[in-house]
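I opened a new page for this entry. Below is what I looked up, in the order I took it.

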Amino acid sequence: DLSIGTFCHESGHLLCRFPDLYDYGSRDGDFEKSAGMGYYCLMSAGNHLNNGRTPASICGYLRDLVGWCDRQVRLNSPGVYESKQGDYGTLMKYETHRANEYFIIENRTQRGLDAYLPDSGLAVYHCDTLGSNEWQGGTRERHYQCGLLQADGHLDLESNRNQGDSTDLFKRVDGVALSYATTPSTRGWDSSDSGLALADISEPGEVIRLKVGSLVPSNVVTGKVTADLLIPDNKREGISSAIAISQAGKVKSLSVGVDITHTYIGDLQVELQSPSGKKVLLHDRAGGSRRDLQQTYSSSSTTALSALNGELIAGYWLLNVRDLASRDIGRLNRWNIEIEYESAGQVARGEVSPNLSIPDNTPTGISSAIAIAQSGTLKDISVGVVIPHTYIGDLLVEIVAPSGQSVTLHNMSGGSKDDLRMTYDRTSTPALEALVGQQIQGNWSLRVKDLQRLDTGKLEKWSLQLMY
Ligand SMILES: [Zn+2]
């Protein structure tokens, strides 16, 4: 019975102290069995594939823990990435604001060591070094150490229905595949938005391409109005009702709901007009003698609406309604609009790896600059820092805009914890709001001070992302 699969699995325990990633049903105060990582890791049930003759590879989570991945691709910068099947020296990781919790993505196309996996495509793992694969519940307190975000959303591994099936991995997806709002989602175990979004994933293959990050997430803005306007009979000018949208962005898709009372809808023409003046007919004297027009028109059902894709959304959206025949009359009761939009802004980025030692207990500290060449007014900012240190309660970290205005990112909190690996944005650090409206061009600096004796560290690298 000693197959190569079992030999490799047990050697993983002996040589690397790998934990089992299946669920015993008897550890860590949890007595319910689940499948853990199922067939998707050698250290779970992957050793049994092809009757133990072609065991699965070791998942990226474990390879990373034992330091086998020399090339680390940090997915926190938005962009287009490529993941290569069998490239076991590379790890693609998205960090959350907690050092112990992160996401790993990996190409698990059915080739080489993964030839016998139940599925083929891109794998996404939700990792927490403080979790346990005994804990299938997925709650804030008790969740897996390394779990596969099964693309089908069925949670078959957690509920022990199988060890993997043919809809667990991400195959080709055009548009958003995984985000805060999808099932499964990229929320943290505390339900917060991790910010990770994946889109435009290519077919399974030796190389899988995908889009990561804030390039892709879309947002929705809505507006409604109770117009209560009489539609003048047989008058070409008709009536207009406006909904004001203050959000900046570009239309990705939209839908419009219309509620009109009328005794003969074949008289009616209903038109949506964007803030720039572009018009799309929603209803053009159809429906004959039918009464009342209560309908929702969406980009997916009303192809004409897609003419508005890419329009700037801020400003007044108008609904124009005309009655073009005599006799029958009616009124526009209410209407609403829902716009899915994407950022109309641009992004400037910088990253440096100064590797500067932070002088112990010295109020001057160190400073490192990132020069931004683009010019514009800041709309949003995020700052990523990697500061290995043996006591982060010693540290004061500030970001300084080209104008000299500064915002404190880390103010001697965290006590004796090691290493500051964080991305600060306006959600985590509302004080960053103070920089909105600043000119982005020039040198942005990160100031780091160690204000207590004894423990030391260095500024390994930091990054800046400016929306303008
Ligand atoms: Zn084992």
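I began with burial: buried means under 20% relative accessible area, exposed means over 50%, and partly exposed lies in between (1.4 Å probe, protein chains only). By that cut-off His9 is buried, because its relative accessible area is 3%. His13 is partly exposed, with a relative accessible area of 22%.

Next I noted the ground rules. This is a predicted model, in which local features need pLDDT of at least 70 and side-chain atom pairs count only at pLDDT 80 or more, while totals for chains, interfaces and linings use all residues. Residues are numbered from 1 along each chain as its sequence is written, and side-chain values use heavy atoms, with hydrogens and water left out.

**Zinc site**

Which residues coordinate the zinc ion? I found His9 (NE2), His13 (NE2) and Asp20 (OD), at 2.0 Å. Donors here are N, O and S atoms within 2.8 Å of the metal (3.2 Å for Na, K and Ca); water is not among the atoms, so sites may look incomplete. Along the chain, the zinc donors have the spacing H-x3-H-x6-D. I then placed the two histidines: His9 and His13 both sit in helix H1 (residues 4–16). They are four residues apart, about one turn of the helix. Helices (H or I, at least four residues) and strands (E, at least two) are DSSP runs, numbered from the N terminus.

**Domains**

I checked how the protein is divided. There is domain 1 (4–212), domain 2 (219–342) and domain 3 (347–467). These bounds come from an automatic or database domain assignment. Between the centres of domain 1 and domain 2, taken over C-alpha atoms, I read 46 Å.

**Strand S3**

Is strand S3 (residues 90–95) enclosed or open? Six of its six residues are buried, so S3 is largely enclosed by the rest of the structure. Thr90, Met92 and Tyr94 point one way from S3. Leu91, Lys93 and Glu95 point the other way, and all are buried.

I followed its neighbours. Two strands pair if DSSP finds at least two bridges between them. Strand S1 (residues 71–74) runs parallel to S3, joined by four bridges. Arg71 has Thr90 of S3 as its bridge partner. Strand S4 (residues 101–107) pairs with S3 in the antiparallel sense, over four bridges. Here Met92 stands opposite Ile105 in S4. A hairpin of five residues links S3 to S4.

**Sheet with S2 at one edge**

I traced an open sheet of four strands, ordered S2-S9-S8-S7, with antiparallel pairing. Its edge strands are S2 (79–84) and S7 (173–178), and each pairs on one side only. The twist averages 30° from one strand to the next. For such angles, axes are lines fitted to C-alpha atoms (for helices over the stretch in contact), and angles run from 0 to 180 degrees between N-to-C directions. Strand S8 (residues 198–201) and strand S9 (residues 207–212) pair over two bridges. Leu198 has Val212 of S9 as its bridge partner.

**Sheet with S10 at one edge**

I traced another open sheet of four strands, in the order S10-S17-S12-S15, also with antiparallel pairing. S10 (219–231) and S15 (293–298) are its edge strands, each pairing on one side only. What is the average twist from one strand to the next? I noted 10°. Strand S12 (residues 250–262) pairs with S15 over six bridges. In S15, Tyr297 is the bridge partner of Val256.
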